[in-house]
Amino acid sequence: MKKNFAVVLAVAAVVAAGAGGARYLKNDTAQAVAPTTAPGPTVVELAASEISEVRKTDLRFNVPLAGTLRPVDQTTLKSEVAAKVSEVLVQEGQPVKKGDVLVRLDTEDLETRLNERVANLESAKAQLVLAEKNRSMKLSLQQKGYAAQASVNEVESSYRAAQASVRAQQAQVDLARKALEEAVVKAPMDGFVSERAVNPGDKVPVDGMLLTLIDLAKLEIEAPVPTNEIARVAVGQKASFRVPGIEGREFSGRVERINPTTKAGSRSIPVYIRVENGDQVLRGGMFASGDIVVREVKEVVAVPPEAVRGDADRKYVLKLDGGKIARQSVEVSEDATATLVAVKSGLSEGDTVVSAPSIILEPGTPVRIGGK
């Protein structure tokens, strides 16, 4: 019995030892065949605001402008005669057409004056007829030898004086008739009434102000330009500007004239910019600010200046190439604005570059764009 029990224990020990050995062998084998994976390069995420797409564009070089809009054509209507205002047919802001009656002056005194001068003219004409008869009679008597030369000279002088009197009275009649016509004041042009200075019943003297008319179809900006910038400005250059209160719209004009001298008390020279205002949105007195385009470069490859790196001798950009960063050498032009710089070579339209100067990436770095 004891002998059999010992044999059973020995067999159990052998089986247990074999099982443990098998477990350890299995673990060692698993460790031997387990694959080893090296960590990949880190992908850098760039925001859309940190990159720029290379594009062709027009570069504009500007000189700032600021000034007040004013009508090119305006006129102040004044009374040509001393008279009482009978009727005013317009108000401020009212549009008028050329030939419209605007003001009527009282014509009673003017008509009386005209009638008086017409009567004087008729009297002068009668005197002329009498002087002509006397002259003819004296000349006839002289031919027959019955009139002295002195008497002939006298009637000749009277005749010429009568002629002069008729011409003088005729001139007075013409003036009186013209004054009567000018008692009806008409618009000399299309426009708007900007100021009304009289009312019915007012007495106005000769050259007394009645109304002011302005034409809004053509306006002008007088913009002072510093003397150190004036050499870049020339007649015919385009200008663009904006007006407070008219949001979302940019207006255009053209340099019409340049003043030959500086403005008193300043170091600036007035430049006059003509503005077509066909829709009459703009008004006199509005403030305008914008730029005069002094030079324009058409269709150039351009990037933000922040995208260009390196020193004066060696320029490059960080370009996205197949999802990775590449260092691309570029040749830049002297044509540069505050927001764009022209690139002569090294980039093509459609390329994408890193435009955030604070981002430093090594070539080959994988990148992706945030949100994509």
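Reader: What makes R274 count as buried?

Author: In this predicted model, the relative accessibility of R274 is 19%, and buried means under 20%, so R274 counts as buried. R274 lies in strand β13, and, leaving out residues up to four places away in sequence, R274 touches V72, K218, L219, E220, G253, R254 and E256.

Reader: Why is D351 called buried, and where is D351 found?

Author: The relative accessible area of D351 is 16%, which is under the limit of 20%, so the name buried applies to D351. D351 is found in the loop between β19 (341-345) and β20 (352-354). With neighbours within four places in sequence left aside, D351 is in contact with S52, E53, V54 and K319.

Reader: What makes the pair of F241 and F251 stacked?

Author: The ring centres of F241 and F251 are 5.7 Å apart, and rings pair if their centres lie within 6.5 Å; the planes of F241 and F251 stand at 25°, and planes under 30 degrees apart count as stacked, so the pair is stacked. By this rule the count of aromatic pairs comes to one.

Reader: Why can the pair of F241 and F251 be said to tie together parts that are apart in sequence?

Author: F241 lies in strand β11 (residues 238-242) and F251 in strand β12 (residues 251-258), so the pair ties together parts that are ten residues apart in sequence. Both F241 and F251 are buried.

Reader: Which residues have the most contacts inside the largest nonpolar core?

Author: They are V233, F241, I273, L282 and I292, in a core of 33 residues. Two or more residues of this core come from each of β3 (55-78), β10 (209-226), β11, β12, β13 (268-276) and β14 (287-303). I292 touches, among others, F61, V63, L65, V225, V233, V255, V271 and I273, with residues up to four places away in sequence not counted. A second, separate core has 22 residues, including V103, L110, A179 and L211.

Reader: Why is K97 called exposed, and what does K97 touch?

Author: K97 has a relative accessibility of 54%, and exposed means over 50%, so K97 counts as exposed. K97 is found in the loop between β5 (95-96) and β6 (101-105), and, not counting residues up to four places away in sequence, K97 touches A187, M189 and D190. The C-alpha atoms of K97 and M189 are separated by 6.3 Å, although these residues are 92 apart along the chain.

Reader: What makes I325 buried?

Author: The relative accessible area of I325 is 3%, which is under 20%, so I325 is buried. I325 lies in strand β17 (residues 324-329), and the C-alpha atoms of I325 and G364, 39 residues apart along the chain, are 5.1 Å from each other. Among the residues that I325 touches are L318, L320, V354, L361, P363, G364 and V367.

Reader: Why do D207 and E299 count as exposed, and what is the phi of each?

Author: The relative accessibility of D207 is 51% and that of E299 is 53%; exposed means over 50%, so D207 and E299 count as exposed. Phi of D207 is near 70° and phi of E299 is near 50°, and each is a positive value in a residue other than glycine. Most residues other than glycine have a negative phi. D207 is placed in the loop between β9 (203-204) and β10, whereas E299 is found in strand β14.

Key. Residues numbered from 1 in each chain as written. Predicted model: local features only at pLDDT ≥ 70, side-chain atom pairs only at ≥ 80, totals over all residues. Heavy atoms only, no water. Phe/Tyr/Trp six-rings, centres within 6.5 Å; stacked < 30°, edge-to-face > 60°. Helix = DSSP H or I, 4+ residues; strand = E, 2+ residues; numbered from the N terminus. Buried < 20%, exposed > 50% of the residue type's maximum accessible area, 1.4 Å probe, protein only. Contact = heavy atoms within 4.5 Å. Core = buried A, V, L, I, M, F, W, Y, C linked by side-chain atoms within 4.5 Å.
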